[in-house]
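The following exercises concern the protein chain shown below. Please work through each task before reading its solution.

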Amino acid sequence: MKEEKINIAIVDDHTLFRNGLAALMNEFDELNVIFSAGNGKEMQDMLTKSLLPDIILMDINMPEMDGYRATAWLKETFPNIKVLALSMFDDEKAVIGMIKSGACGYVLKESKPREVLEAIQTIFSKGVYINELVSGKLLHSIANQKDAPLLSAREVEFLKLCCSELTYKEIADNMFVSPRTVDNYRESLFQKLNLKSRTGLVLYSIKNQLIQL
């Protein structure tokens, strides 16, 4: 039985890049590019005329409505549409800003097409895509907070996954570790953060702007 394709859209103000990316993504049997737009305003218009995408690849710096505002609007208006931030920028402000706005992952424009495909598939199946870039920036952001507890990059990754609907076993699968290792992450965070439940971990993540629900 043929697998269902993942419907995606591309929002980027550079026409050549947008068209080139659309062509590359359409080469994958797993994907179907249903529309592209030059900014958030055009995206809003396209969403009223087209099949809704499962995932939108979102640039950051765009005229009229940038990636931050467009992602936040999607989170509020079409919460089932996931956003994969796709940008030239790898600075902490850009990464954290897009994650806070509601993006489920972040990859650089210099990434290979297969890496972008992997990110799209992971977001589609797991809800979030956390690579070394995202986990590292989140870790640095926490470390810069006054009196913040010292967390490892893997603990930060586990924290963000706790904010999804994944079970602990699914989180372990997503992180490619055993359920026992995930249990260790959880107990370590309980102790470091003085918490007693997964709800507490989620609230901590929201309070410290690791994720915006």
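**Exercise 1. The chain as a whole**

What percentage of the 213 residues in the protein chain is made up of buried residues?

Solution. The model is a predicted one: local features require pLDDT of at least 70, side-chain atom pairs count only at pLDDT 80 or more, and totals for chains, interfaces and linings use all residues. Residues are numbered from 1 along each chain as its sequence is written, and side-chain values use heavy atoms, with hydrogens and water left out.

Step 1. Buried means under 20% relative accessible area, exposed over 50%, and partly exposed in between (1.4 Å probe, protein chains only). By this criterion, buried residues account for 49% of the 213 residues.

Step 2. The chain contains 10 helices and five strands; helices (H or I, at least four residues) and strands (E, at least two) are DSSP runs, numbered from the N terminus.

Step 3. A contact means heavy atoms within 4.5 Å. Of the contacts between residues at least 6 apart in sequence, 63% join residues at least 24 apart.

**Exercise 2. Helix α8 and its buried face**

Which residues of α8 are buried, and why do they line one face of the helix?

Solution. Step 1. The buried residues in α8 are Ile171, Ala172, Asn174 and Met175.

Step 1. Viewed down the axis of α8, the buried residues fall within an arc of 160 degrees, and therefore they line one face of the helix. The arc is that of the directions from the helix axis to the C-beta atoms. An α-helix has 3.6 residues a turn, so residues three or four places apart point the same way.

Step 2. The packing partners of these buried residues are α5 (113-126), α7 (153-162), α9 and α10 (198-207).

**Exercise 3. Aromatic rings and charges**

Solution. Step 1. Rings of Phe, Tyr and Trp (its six-membered ring) pair if their centres lie within 6.5 Å; planes under 30 degrees apart count as stacked, over 60 as edge-to-face and the rest as tilted. The count by this rule is three aromatic pairs.

Step 1. Phe158 in helix α7 and Tyr185 in helix α9 are 27 residues apart, and their pair links distant parts of the chain. Both Phe158 and Tyr185 are buried.

Step 2. Tyr168 belongs to helix α8 and is partly exposed, at a relative accessible area of 24%.

Step 3. The charged end of Arg186 sits over the ring of Tyr168, 4.6 Å from its centre. This assignment requires NZ of Lys or CZ of Arg within 6 Å of the ring centre and within 35 degrees of the ring normal. Lys109 likewise lies over the face of Phe17, at 4.5 Å from the ring centre.

**Exercise 4. Positive phi angles**

Where do Glu64 and Phe176 lie, and are they buried or exposed?

Solution. Step 1. Glu64 is placed in the loop between β3 (55-58) and α3 (67-77). Its phi is near 70 degrees, a positive value in a residue other than glycine, and Glu64 is exposed, with a relative accessible area of 59%.

Step 1. Phe176 is placed in the loop between α8 (168-175) and α9 (179-193). Phe176 has a positive phi of about 60 degrees although it is not a glycine, and counts as exposed at 75% relative accessibility.
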